[in-house]
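Here is a short report on a structure that may be new to you. Keep the sequence and the 3D view at hand while you read.

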Amino acid sequence: MEEGKRNSAHGVFAHLERLEAEAREIAVKEEKMKQEEEKQARLKARVRELSLQRDMLLAKVRLQKKLREKRAMSDPAKSSARAVLEWKIKNIKGMLQISYLTGISGKQTKQGVCFCISTAYESTYLDSYYVHLLVKPEVQIYQHSVPTFIPLEEIAKKYLQTDIGRFLSVLSDHLNAYAGRKYQADQLQEHFSDQIEGTVQRNSLCNLLVFNYKVSSKSKTFPFNVRLLYGDLCCSLPTEVNVSCTPDAPASLAEMAAAHSDLFRRVALHKAFRSFSSAEESVDGAP
Amino acid sequence: MDETVAEYIRRTVLKIPRDEIKTMLEKWGLLSETQLQTINFRQIKESISQDVVQLCEENSVDIKQAAVLDIIYNHVYPNKRVWCVYQMKKTGEEAEFFDLTDFKKKFKGRLRSALKNVTINFREYEDNAIWIRIAWGTPYTKPNQYKPSYVVYHSQTPYVFISASVLKSNLPLLCQALVLASNYHDIREMELRSHSLNSLKDIVFKRYSQNFQTHYPRPLQERNVAPKSDLRIIQENRNEKERIERVNREVFGDGPQPKLEFAQYKLETMFKSDPQMDVLDKKEPFRCLVKFSSPHLLESLKSLAPAGMADAPISPLLTCIPQKARNYFKIREKKHFFPESFVSP
């Protein structure tokens, strides 16, 4: 504005020119925007048109499918036979799905059969292991998820060629026993760690456990050392138990050691420990 | 305390990242609580290590105790070493009772009878792993504590994981001692090597996720939930994409893959060319070495087909790596009529 005032005649016209130019630019921009909006509206309308068309076609296809099905179902004999067949298939599928609850289940595959061995210990489900067998040219193990310390090759050498059922049942015994021993040892370390001194020495198969635990009698605690040897790999109870106490312990403790030794041989490890704590409570509670 | 022991402790502490030093010293258990509290763990590592050496002087730590700190460090950071897998064989059925004290005695006895100057340390861990550290010397020199060999052994398994030091000449003696101590008859090196010790364990102990077909749908299996894509976008190749995903899942399984860094294929096959061109006048096998390397080889192989870079199913030579438990292969000319070329055992 100042510039315009300085050069009066040229300034005003120049200013006017400038304003005109600006107005022209704005008009052009507005024109462009209007055009774009129109284009968008046109495309949206086209999209709506096309989707309406697609919906109509889809509806037609669906209708045709229904008609075809109705025609197929209109034959009463055919429909009931078909219904029975469908019910049978559903039943068998359900059975196959539940069969894993038996502990050993299998599924036919392209290459052979894939067996699943599920392990459990006293109403707790534990891990599942798989063995994939090839059937031709001869029965062999293709793939498996059995841990390396389970003697799979030995069991296979003995039974795989002659009796697959026996192979599976022996393998299942080994796996279930291992799962049971591992479960007992884990439960012991989880729930009774306050009664255990030091660490529990175990091995991969969980068939040799050595640890020290405290026994309290007449409000004094004595350490016991126990060595559990599970000689039978298909069994989850130990075959050999050695419970020993320190040589200077009173005689009543030796009796207790013998009682404990017997208990470990008969009862699961964590259950035995649970009975200790409840026995102690009852002893302390007695007047 | 010997100067060499002090220097060794100082250098071992320097290796540990500063935030971990306190926990590792606590695990080591050679310095008491009060002693540990006198160390300022915020100063630079040089000063921390000096303080530690000072306190060890007070406790008169010897080299065997100092070596335990090295084991602890390597147990937390096993991926800094390269591990090889060895498999032991036994010929008869023997009792499965593994006695740890017996094992240690036999191992130490065998090594010491051949070589007087060795430092041997054992450390057992919760997952039934026995870590053995051996520092080797010669009949005339003391053991070199800076180049120890490490052995990890899980009882009642035929597999041993060895991270040999540069001194490879002691390997036969080490293998002999292992075989004797664990009541096996023979040991051979498997063609399986990696930095990641846990992945090697996963492969040989079959702990990685393999895909087995069952009728019972696993409840924890996460079905692939397709991301909520725009409904206006239609995928043309949906069938092909799903086929590739399915084939990939069948081969690789659902879970994470073991971590390997490379796979090496030594080819000794004949060069197949147009008989008229006759490039080589001598009919000799064309020797060639193909090496795949990656920070995580198996995951990258798993993502090749979905990314569109390879056809599904991927060549069985690549996918058989975890199942055959090897990542070094020798491929020779096929002599029989088999669809795949002969892979040496």
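Helices (H or I, at least four residues) and strands (E, at least two) are DSSP runs, numbered from the N terminus. This is a predicted model, in which local features need pLDDT of at least 70 and side-chain atom pairs count only at pLDDT 80 or more, while totals for chains, interfaces and linings use all residues. Residues are numbered from 1 along each chain as its sequence is written, chains are lettered from A and ligands numbered from 1 in the order in which they are written, and side-chain values use heavy atoms, with hydrogens and water left out.

**Chain B as a whole**

Chain B has 345 residues, and 41% of them count as buried. Buried means under 20% relative accessible area, exposed over 50%, and partly exposed in between (1.4 Å probe, protein chains only). The secondary structure of chain B comes to 12 helices and nine strands. Take the contacts in chain B with a separation of 6 or more: 67% of them join residues 24 or more positions apart. Contact means heavy atoms within 4.5 Å.

**A helix with one buried face**

Helix α2 of chain B spans residues 21-28. Its buried residues are B:I21, B:M24, B:L25 and B:W28. Seen down the axis of α2(B), they fall within an arc of 100°, so they line one face of the helix. The arc is that of the directions from the helix axis to the C-beta atoms. What covers these buried residues? The cover includes α1 (3-15), α3 (33-37), α4 (45-59) and α5 (63-76) of chain B. B:G29 follows α2(B), and its phi is positive, near 75°.

**Where the chains meet**

The size of an interface is often given as the accessible area lost when the parts come together. Here, chain B and chain A bury about 2,600 Å² between them. Of that area, 56% is on carbon and sulfur atoms. Buried area is the accessible area (1.4 Å probe) that two parts lose on being put together, summed over both.

By class, the side of chain B that touches chain A has 10 nonpolar, 10 polar and five charged residues. Ala, Val, Leu, Ile, Met, Phe, Trp, Tyr, Cys and Pro count as nonpolar, Asp, Glu, Lys and Arg as charged, and the others, Gly among them, as polar. In terms of contact, 25 residues of chain B meet 32 residues of chain A.

Five residue pairs are in polar contact across this interface, both residues at pLDDT 80 or more. A polar contact is a pair of N or O atoms within 3.5 Å; within protein, one must be able to donate a hydrogen and the other to accept it, and residues adjacent in sequence count only if both atoms are side-chain atoms. How many salt bridges are there between chain B and chain A? The count is zero.

B:P158 sits in the loop between β4 (149-154) and β5 (159-163) of chain B. B:P158 is buried, at 16% relative accessible area. Beyond its neighbours within four places in sequence, B:P158 is in contact with A:T148, B:Y86, B:Q87, B:M88 and B:Y184.

B:T319 belongs to helix α11 (residues 316-319) of chain B. Its relative accessible area is 17%, so B:T319 is buried. Not counting residues up to four places away in sequence, B:T319 touches B:V251, B:F252 and B:I314.

Now to chain A. A:H260 lies in helix α6 (residues 251-266) of that chain. With 8% relative accessibility, A:H260 counts as buried. Apart from neighbours within four places in sequence, A:H260 is in contact with A:Y213, A:V215, A:F224, A:V243 and A:F276.

**Salt bridges**

A salt bridge is a side-chain nitrogen of Lys or Arg within 4 Å of a carboxyl oxygen of Asp or Glu. By this rule, the count over all chains is 24. The table gives some of them.

| Salt bridge | N to O distance |
|---|---|
| A:D55 and A:R54 | 3.7 Å |
| A:K271 and A:E122 | 2.4 Å |
| B:D102 and B:K106 | 3.5 Å |

B:D102 and B:K106 both lie in helix α6 (residues 100-114) of chain B. They are four residues apart, about one turn of the helix. Elsewhere, salt bridges that share partners join B:E7, B:R10, B:R11 and B:E46 into one network.
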